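The sequence and the structure come next.

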Amino acid sequence: MRATIGRAAALALFLSITTATATAREADWKADHDAGWKAFQDGKLAEAEARLKKAEAAAKALGEKDPALATVRDHLAWVLCAEGKGKEAEPLAKWALDWREKAEVPDGAEVLQSLNTLACLYDAEGKLDAAEPLYKRALAIAEKGGQADEAKAAALLDNLATIAHDKGRAAEAEADYKRALAIREKAAGPDSIDLAPTLANLAALDIERGELDEAGPLARRALKIREKALGPDHPDVAASLEILATLETKRSKAAEALPLYKRALSIYEHAVGRDHPHVARCCTKMATCCRACGQPAEAAKLDARAKAIHDAHKHTPAK
């Protein structure tokens with residue numbers, strides 16, 4: 001079990017909003033771009049997609065030689081990925097990376113950004129073998145930047161750790177998580193939102209290994225940081241609630257886990273839509289919890305809903 005929601009969404013926050021050099025024509029796309037990216041950071045995915053698609057249309061008018069289009073497509077790929085639209089996001093992320101590799105410094109900040117975007121997209125789709133070398137290449141660029149790029153290095157270490165985690169390399173994952181956490185605590189302080197993904201991921205690893213006493217403080221700290229920084233209805237808050245619910249389930253405290261799952265499910269439904277894969281995942285976990293609480297009929301409904309969502313996504317044609 002990992003830290004659930006589009007880790008990509010949370011870790012996109014380490015990337016600054018990069019835009020083309022200001023010109024008189026920039027207003028045609030920049031206002032929609034900046035509003036869309038802000039909506040994404042606030043968890044308002046439908047609004048983010050609409051504004052960024054509008055920005056993309058305006059950026060096309062500047063021509064493909066202008067960096068504006070790469071900027072917009074890179075960020076639109078993040079939003080589509082967070083919405084579970086990986087097939088739409090992938091060509092945008094590839095285009096932005098290809099453009100930046102050809103037009104800019106090969107080991108520059110913009111290439112690093114696009115490497116991370118595509119890697120996170122592959123990661124979210126479960127294509128770990130494709131994601132890992134991209135993360136490693138991006139990390140090498142960030143490490144060359146030294147202290148200036150420490151925050152980016154921490155985010156990339158966190159992503160590499162989750163891949164090691166999923167591939168069963170627990171010791172490697174723990175080392176990378178802890179290294180990322182140390183960098184972030186030093187750079188941003190103990191209550192920064194930047195710490196939340198690493199805390200949540202490390203808690204998930206500890207839960208898997210049965211180290212429940214160690215997992216609890218990490219999971220609760222991540223939730224507290226996210227609620228304070230993002231508000232109670234952000235999808236990253238739902239991710240932390242899922243982790244805490246899983247922890248309580250492992251402790252045989254299903255009655256305490258169930259309201260956490262219910263709150264997480266409600267947040268996902270409103271933030272990312274009722275048919276999103278995150279909703280399906282949460283339904284599956286909550287079904288197990290309902291059985292432990294003696295609610296088999298409710299569990300069956302949740303399982304059926306999760307299956308319907310998975311089946312719908314499985315048969316969605318590529319665009």
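## Helix 15

The model is a predicted one.

Helix 15 runs over residues 296-314, 19 residues in total. From its first C-alpha to its last it reaches 27 Å, close to the 27 Å expected at 1.5 Å a residue.

## Aromatic rings

The whole structure was searched for aromatic pairs, and 1 was found. W37 and F40 make up this pair, with 5.0 Å from centre to centre and 35° between the planes. The pair is classed as tilted, because stacked planes would have to be under 30 degrees apart and edge-to-face planes over 60.

Both residues belong to helix 2, which spans residues 27-41. W37 and F40 are 3 residues apart there, so about one helical turn separates them. W37 is buried, and F40 is buried as well.

Another ring contact involves a charged side chain: R73 lies over the face of W95, at 4.6 Å from the ring centre.

## Salt bridges

Side chains of opposite charge can pair when their charged atoms come close. A search of the whole structure gives 36 salt bridges.

One of them joins R51 to D32, with 2.7 Å from N to O. R51 lies in helix 3 (residues 45-60) and D32 in helix 2, so this pair ties together parts that are 19 residues apart in sequence. R51 is partly exposed, at 29% relative accessibility, whereas D32 is buried, with a relative accessible area of 10%.

A salt bridge also links K38 and D42, whose closest N and O atoms are 2.7 Å apart. K38 is partly exposed at 45% relative accessible area, and D42 is partly exposed at 34%.

E227 and R263 form a further salt bridge, the closest N and O atoms being 2.8 Å apart. E227 belongs to helix 11 (residues 212-230) and R263 to helix 13 (residues 254-271), so the contact ties together parts 36 residues apart in sequence. Relative accessibility is 28% for E227, which counts as partly exposed. R263, at 31%, is also partly exposed.

Salt bridges can also be joined into a network, and here one links D129, E132, K136, K167, R169 and E172.

## Cysteines

How many disulfides does the structure hold? The number is 0. C81 is in no disulfide, and the nearest cysteine sulfur, that of C120, is 7.4 Å away. C81 is buried, with a relative accessible area of 13%.

C282 is likewise in no disulfide. For C282 the nearest cysteine sulfur is that of C283, 6.4 Å away. C282 is buried, and its relative accessible area is 0%.

Note on methods. Residues are numbered from 1 along each chain as its sequence is written. This is a predicted model: local features need pLDDT of at least 70, side-chain atom pairs count only at pLDDT 80 or more; totals for chains, interfaces and linings use all residues. Side-chain values use heavy atoms; hydrogens and water are left out. Rings of Phe, Tyr and Trp (its six-membered ring) pair if their centres lie within 6.5 Å; planes under 30 degrees apart count as stacked, over 60 as edge-to-face and the rest as tilted. Helices (H or I, at least four residues) and strands (E, at least two) are DSSP runs, numbered from the N terminus. Buried means under 20% relative accessible area, exposed over 50%, partly exposed in between (1.4 Å probe, protein chains only). A charge sits over a ring if NZ of Lys or CZ of Arg is within 6 Å of the ring centre and within 35 degrees of the ring normal. A disulfide is a pair of cysteine sulfur atoms within 2.5 Å. A salt bridge is a side-chain nitrogen of Lys or Arg within 4 Å of a carboxyl oxygen of Asp or Glu. The expected span of a helix is 1.5 Å times one less than its number of residues.
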